[in-house]
Amino acid sequence: MTPSATISPHEVLRKYKTIAVVGASKNPAKDAYTVPQFMKDHGYKIIPVNPTADEIVGEKVYPSLMDLPAELPQVAQQVVDFHRKYGRPFVFWAQLGLENEEAKQILAKNKIPYIMNACLRIVQRSL
């Protein structure tokens with residue numbers, strides 16, 4: 001599967017060095033732990049988001065991003081709300097295997113560039 005995007009994944013990883021990881025895991029056996037750790041090891045600031053943990057990859061965990069639900073269209077809407085309130089995020093990135101047309105429409109309508117179905121670790125390794 002190839003990423004669907006409105007912005008270059010390589011450009012994003014070269015330009016932005018802070019990544020909020022919604023759904024970061026405290027389980028070292030899961031990609032939701034190893035990928036944030038990998039990115040941290042490569043100089044990125046990781047902000048884990050998980051309501052069941054206090055610390056992941058040595059970083060303080062936040063329970064939610066504006067009480068964010070788990071479904072992609074709702075996540076996209078929360079990102080839009082967060083963007084309106086704080087002027088961030090700059091890019092929405094959904095991990096490998098996650099892609100949703102409704103979420104794309106929400107983001108595109110609100111001029112938030114997105115990348116879906118792409119692994120941070122795979123893209124970073126290809127830089």
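**Figure 1. Salt bridge between Glu59 and Lys40 in the predicted model.** The side chains of Glu59 and Lys40 form a salt bridge with an N to O distance of 2.9 Å; the term denotes a side-chain nitrogen of Lys or Arg within 4 Å of a carboxyl oxygen of Asp or Glu. This pair joins distant parts of the chain, with Glu59 in strand 5 (residues 59–60) and Lys40 in helix 2, 19 residues apart. Helices (H or I, at least four residues) and strands (E, at least two) are DSSP runs, numbered from the N terminus. Glu59 is partly exposed at 21% relative accessibility, and Lys40 is partly exposed at 28%. Here buried means under 20% relative accessible area, exposed over 50%, and partly exposed in between (1.4 Å probe, protein chains only). The model is predicted: local features need pLDDT of at least 70, side-chain atom pairs count only at pLDDT 80 or more, and totals for chains, interfaces and linings use all residues. Residues are numbered from 1 along each chain as its sequence is written, and side-chain values use heavy atoms, with hydrogens and water left out.

**Figure 2. Salt bridge between Asp31 and Arg121.** The side chains of Asp31 and Arg121 meet at 3.3 Å, N to O, in a salt bridge. Distant parts of the chain are linked by this pair: Asp31 belongs to helix 2 (residues 31–41) and Arg121 to helix 5 (residues 120–125), 90 residues apart. Asp31 is exposed, at 52% relative accessible area, whereas Arg121 is buried, at 17%. In the whole structure, the search finds 5 salt bridges.

Figure 3. Glu99 and Lys104 are paired through their side chains in a salt bridge of 2.6 Å, N to O. Glu99 is partly exposed, with a relative accessible area of 33%, while Lys104 is buried, at 9%.

**Figure 4. Largest nonpolar core, with Met39 and Trp93.** This core contains 23 residues, and Met39 and Trp93 have the most contacts inside it. A nonpolar core is a set of buried Ala, Val, Leu, Ile, Met, Phe, Trp, Tyr and Cys residues joined through side-chain atoms within 4.5 Å. Helix 1 (9–15), strand 2 (18–22), helix 2 and helix 5 each contribute at least two of its residues; the largest share, 4 residues, comes from helix 2. Leaving aside residues up to four places away in sequence, Trp93 touches Pro9, Val12, Leu13, Ile115, Ala118, Cys119, Leu120 and Val123, where contact means heavy atoms within 4.5 Å. A second, separate core of 12 residues includes Val79, Val80, Ala94 and Ile106.

**Figure 5. Surroundings of Leu13.** Leu13 lies in helix 1 and is buried, with a relative accessible area of 2%. Its contacts, not counting residues up to four places away in sequence, are Met39, Tyr44, Trp93, Leu120, Val123, Gln124 and Leu127. Leu13 and Gln124 are 111 residues apart in sequence, yet 6.8 Å apart in space, C-alpha to C-alpha.

Figure 6. Most residues other than glycine have a negative phi. Val57 has a positive phi near 45° and is located in the loop between strand 4 (55–56) and strand 5. Phi of Lys111 is also positive, near 55°, and Lys111 is placed in the loop between helix 4 (101–109) and strand 7 (114–116). Val57 is buried at 6% relative accessibility, whereas Lys111 is exposed, with a relative accessible area of 72%.
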